[in-house]
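Try each task before reading its solution.

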Amino acid sequence: MTPLRPLLGFLLLAGHALAAPSAIDDATARRELARALRDDGQIASAIAEYRKLLATDPQDTATTIELAEVLLWNKEPAESARLLATVPPAKLGATGQRVLGAIALDQGKFAAAEDHFAKALALAPEDDHTRFDYAQVLTWQKKFPAALAEYQRLLERHPNDIQLRRNYAQVLGWAGQRNAAIEQWRLTLTPAKP
Amino acid sequence: MTGRLLAAFGCLILAPAFGSESLVPRAAWIDRDTARLALVDTLRAAGEMTAAENELRAGLREKPADTRLRLRLADLLASRGHAAGSRAEFDRALAGLPSADPAWLAYAARLDEWGEYRRAEQILRAAPSDRAHLRLLAATLAGAQQFEEAAAIQRQILLDHPGDTATRRDLETTLRQAGELPRLPNASSQAAPQNPSEARLQRANTLAAAGDLPGALAELEPLRRNDPEFLPAVLRRAELLAATRQFPAAFAELDAIDATMPGNTKAAFTRARALSWNRDYAASLAAYDAILAENPSDPTARLEKARVAAWAKRQSLSQRAYRALWDDPQANPRRREAARLEARAKQQAWDRHFLRATRTLRELTTLQAGNQEAWFDFAQSQAALGLTDRSAQAYDSLLTLDPLHRMAGVGRAQAAINARPAAIGSYWYWDEKGTGRLSDITRQRIRAGGEIPVDSRFYVRAFSESWIEQPDDGVESFFAQGFALEAGGAINEWLSASAHYAFKAYTDPALAPTNTGGADVSVNLDDYATLTLGYAREDEIHNRFSLFQGTQADNFALEARSVPLRQLELTTKFVLRRYTDANWQQDVKADIGILLLDHPHSLKLVFTGQYLNTEHQSIFLTDAAGQTTDVIHPYWTPRTYFRGLIGLEWRQDLARDFFAGAPRHYYGLVVRGGTDTTRNNSISFAAEYLIDLAERWTFQAQIGVERSPQWNGASAFSSLSYRF
């Protein structure tokens, strides 16, 4: 994460305001600013910038989805859900489905969350974070074989991720696969560095 | 950009992953120590205890000061029953932790499991008086057989928390253990075993509860080799060995426990009890003193010490131990009252005041329905009063409380056998010579018959009898046949009666058949004295003349017997004898018995005085040659006669168990010497032997010899009986 990104967004916006028209329009610059603020953890400021964008173009589905996601981070799932409801399902994309999945989880609707995460993964199979979320929601529904398959797929791609392996070991234990769990726990407990 | 699940179960929210090196959001991270503990738990769940222990030890090598890891190691060792190692780890981990820390509660629970009741109690009494601590304290006290104290705590918890069903169950369990509530058949409160050793121990406990003590021991045997550190099994094995009277092996196990777990309360109690069961009362009392030195207020140790002192016949020590319990204002009030009653009952039974002891024990068993000692003593008192059916019922009550109570089992089994019909054969021999020709006969009686018990406490007997009577040095023998009937028993605690009748017909037609018999009734005057009023018609056949005259006497007897103290026994008997030849005799006899040595090697000094006075003396009729042709009043007819005797009575009890109803085995020897108003110095010797064999057989033999210048006598008796 670089601290230069919000600064760059701000400079783009300022330059655009002061200078002659260029290839970067206002909306693009504001969107970049909002994203930069979001990535920097300045959630409230990011939300404000997204709302300005939507005020300009209420039909901007990409912005709507991004705002919905940030609103969720800001613990406003109801508002997030309200915004996503305005987006046609076909245009939700992977992010929209993932956010809907997270909202469903927040409401304790595990089956719905699983459905949304599955749709998100169908659109973005390489999104390992969503796959982890998917594996977790499967676990919480005690769908251990399916969850373990997701963990195995993730571990093939991230074999050195100790935290991922520990979570996998935990699920193996819950699934009653004690010997496999023991093996996985042991893999994560190599001798400590001096 | 992608969201992450903020992983805390049930609290899901997308969160950005800022600079995370893992795919897993930080909230769902599992640190190294937690991972190690999870591995340990998984290994334990898989039964790989040694691997789990190794993992914890590896963790502790990395972080020796990690209390969490050390406590987990202590818990793991405890779950394997490896008490010594676990206790060391607990002690190290808990040093410095406040007494309110929940780990102390876990430690106390383990100490309770290992029978370290005293230490557990100390920890729990120092902890906050919250419900969890109080519940465990009550369980610990119940484990130490302090049921009154445990129930008091549980009742207090229920007063404060009436809806606490767990404590209500605990209280019910305590009351069942205390015998206040009936035991549940086949009830098992055993949790699922945590390891194979525990599973084996549970199987052994199940066998023991069913009375199969050898089976239980066999179940535990492999653990001696495979898991010798498993303390609960070692403790149980020691208990079972003691219960099966394998005392050397039991003490070897207890020595091993002492070597690794010095001060273990349960082991200390088991040793003290085993020593008492082995009748090593001095060592047992010393063992109780050692427990009391550690915890002077331990009510169980005080009570058991008082009981063992009573068994050891150290009555004053026993009474002092009871008094220490009932005088202690800190002790549970119900326990104090029970101790007072038990002490009183012990004293009354000691003084052989069984009627009073019965009343006290009835009061005690009402107060403490689960007091096994009281039920056992009640059974003894009832047996001493002749109420063998009620004695058996008391044994039944005791066996309901403790199916493994060995002595109750023996007593009950013997009572059941004694309630069955018996075949009896006996032989009696009597020879007397002296007092002129007035005593000159040898008599023999052979009996064969049977006994039918009625309601256990009454009996009816019938015999076929044969007599051989040989007056005048056996010059001539007279044979007779007949039968005898007997009946009797205890009507209640203070009244008993018996009656007998015999018919005898001689083969010589010159001798008339005889009828003899009588009855008596005994009344116990609240143990101050027992009065017996009786009547009996008896043959007075001491020589040829009385044989042919068919002399008999009606005996009107009144006897008073009193035992004011255990060491002193007084008996007085007055008999008014009316002979069938219009003669009367007064016979007054008094005995004073002083107990010099107590059971099982009892020695009694007995002083006897007797007064005889006969209305008409014998008249010898002679022929011209001076030969006696007949005698009027052909029996000994002393006038204003006094006799004094001093005797020593020795009796050694050789039985395996010393309680009423147990198989008997003893011998006795009596030596007496005396003189009388005719200056006829006498000396006599008697011996007796009795043994109950193979549960159903009883053999008894007696001999007696008396020598004096004027009279010599000899007698012998033997009988053999078999209960079907």
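**Exercise 1.** Find how helices α11 and α12 of chain B pack, and which residues make the contact.

*Solution.* Start with the axes. Those of α11 (residues 213-226) and α12 (residues 231-243) of chain B come within 10 Å and cross at roughly 145 degrees. Helices here are DSSP runs of H or I with at least four residues, numbered from the N terminus. Axes are lines fitted to C-alpha atoms over the stretch in contact, with angles from 0 to 180 degrees between N-to-C directions.

Next, list the residues. α11(B) contributes B:L213, B:A216, B:L217, B:L220 and B:L223, and α12(B) contributes B:A233, B:R236, B:R237, B:L240, B:L241 and B:A243. Contact means C-beta atoms, placed from the backbone, within 7 Å.

Finally, sort them. Nine are nonpolar, two are charged and none is polar. Ala and Leu count as nonpolar, Arg as charged.

This is a predicted model: local features need pLDDT of at least 70, side-chain atom pairs need 80 or more, and totals for chains, interfaces and linings use all residues. Residues are numbered from 1 along each chain as its sequence is written, while chains are lettered from A and ligands numbered from 1 in the order written.

**Exercise 2.** Describe the make-up of chain A.

*Solution.* Count the elements: 11 helices and zero strands. Then take burial: 43% of the 194 residues are buried, with 20 or more other C-beta atoms within 10 Å of their own. Last, take the contacts with a separation of 6 or more: 33% join residues 24 or more positions apart.

**Exercise 3.** State how far apart the domain centres of chain B lie.

*Solution.* Domain 1 spans 1-30 and domain 2 spans 422-723, bounds that come from an automatic or database assignment. Over C-alpha atoms, their centres are 104 Å apart.

Key:
Helix = DSSP H or I, 4+ residues; strand = E, 2+ residues; numbered from the N terminus. Contact = placed C-beta atoms within 7 Å. Buried ≥ 20, exposed ≤ 12 C-beta atoms within 10 Å, placed from the backbone.
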